[in-house]
Structures are given as C-alpha cells and as structure tokens.
Amino acid sequence: MLGKFELFYPIIMSLVWIIGTMFYELLIKYQTNKNESVSVHEQEPTVDIFMSCYNEADVLETAVQSLESLDYENFSLILIDDHSSDDTLRIMRQLANDYSNIVKGGYKMQVYGGLKM
C-alpha cells in the first residue's frame, strides 16, 4: 500500500507547477500591458548569423530566402565570401541590397578564420 507521501506528492507538485505557470504568465502580461510601446520583436534578442560561402552561387539566394522566411525577425545575416571563383560575391552584394537583415556581403576569410574587411 502506498504511503500518503507517495500518493499526494505528485498531485501537490502538479498544482505548484500549474499555479507557478499561471503566475508567470500573468506577470508577463502585466509587464507587457504596462509597457505597451515595446513590440514583441523588440524584446527578442538579436541573433547574428555568419554564413561562409565558397562557390555557392547556385544555392546562396535560396539559403537567404529560407532564412528570411523564418518567424524570428530580429536577426542579422553576415555573408562571408571565401575567395569564390564564381558569381558568389556579386550575388552577395545583390542580396545585401535586396534584404535589410543582411549586414554586408563580400567579406574575405583570413587563414585562421578571422574576418578581414
């Protein structure tokens, strides 16, 4: 036969988690209503995405369009050209003009992975 502790502990802990979650949600809604001028996307942290490309002219535009279609809007895309011999650099510059999230196209990779502007 189960003791009272083994019987009631899961029930009590479930109630604690439910009440805690409700309190947390109400707290977030209160803070959001208090500060209505801040949009949801301004509260999200900015994510920087580095994309290194070497002769990726065929798939570069598709990859950038895939990133642009994400629900998360607060990101910057930094394209890095690793001395490509095809049209990758030209496509990077074109994409940087077309999309506002692309910081700059046409960086060059150095030997040890650093960025040279």
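Student: In which loop is His83 found?

Tutor: The model is predicted, so local features need pLDDT of at least 70 and side-chain atom pairs count only at pLDDT 80 or more, while totals for chains, interfaces and linings use all residues. Residues are numbered from 1 along each chain as its sequence is written, and side-chain values use heavy atoms, with hydrogens and water left out. Helices (H or I, at least four residues) and strands (E, at least two) are DSSP runs numbered from the N terminus. On that basis, His83 is in the loop between S2 and H4.

Student: What is the phi of His83?

Tutor: Most residues other than glycine have a negative phi. His83 is a residue other than glycine with a positive value, and its phi is near 55°.

Student: Where is Asn55, and what is its phi?

Tutor: Asn55 belongs to the loop between S1 and H3.

Student: Is Asp58 buried or exposed?

Tutor: Asp58 is in the loop between strand S1 (47-53) and helix H3 (60-68). Asp58 and Ile91 are 33 residues apart in sequence and 9.6 Å apart in space, C-alpha to C-alpha. The relative accessible area of Asp58 is 75%, so this residue is exposed.

Student: Which side chain does Asp81 join in a polar contact?

Tutor: Asp81 lies in strand S2 (residues 75-81) and counts as buried at 1% relative accessibility. A polar contact is a pair of N or O atoms within 3.5 Å; within protein, one must be able to donate a hydrogen and the other to accept it, and residues adjacent in sequence count only if both atoms are side-chain atoms. At 2.7 Å, the side chain of Asp81 is joined to that of Ser84.

Student: How many salt bridges are there?

Tutor: A salt bridge is a side-chain nitrogen of Lys or Arg within 4 Å of a carboxyl oxygen of Asp or Glu. Arg90 and Asp87 meet in this way through their side chains (3.7 Å, N to O). Arg90 is partly exposed at 47% relative accessibility, as is Asp87 at 42%. By this rule the count is one.

Student: What arc do the buried residues of H4 cover around the axis?

Tutor: Helix H4 (residues 88-98) has Thr88, Leu89, Ile91, Met92 and Leu95 buried. The arc is that of the directions from the helix axis to the C-beta atoms. These residues are on the same side of H4 because their arc is only 160°.

Student: What percentage of the chain is buried?

Tutor: The chain has four helices and four strands, in the order α-α-β-α-β-α-β-β from the N terminus. Of its 117 residues, the buried share is 21%.

Methods
Buried < 20%, exposed > 50% of the residue type's maximum accessible area, 1.4 Å probe, protein only.
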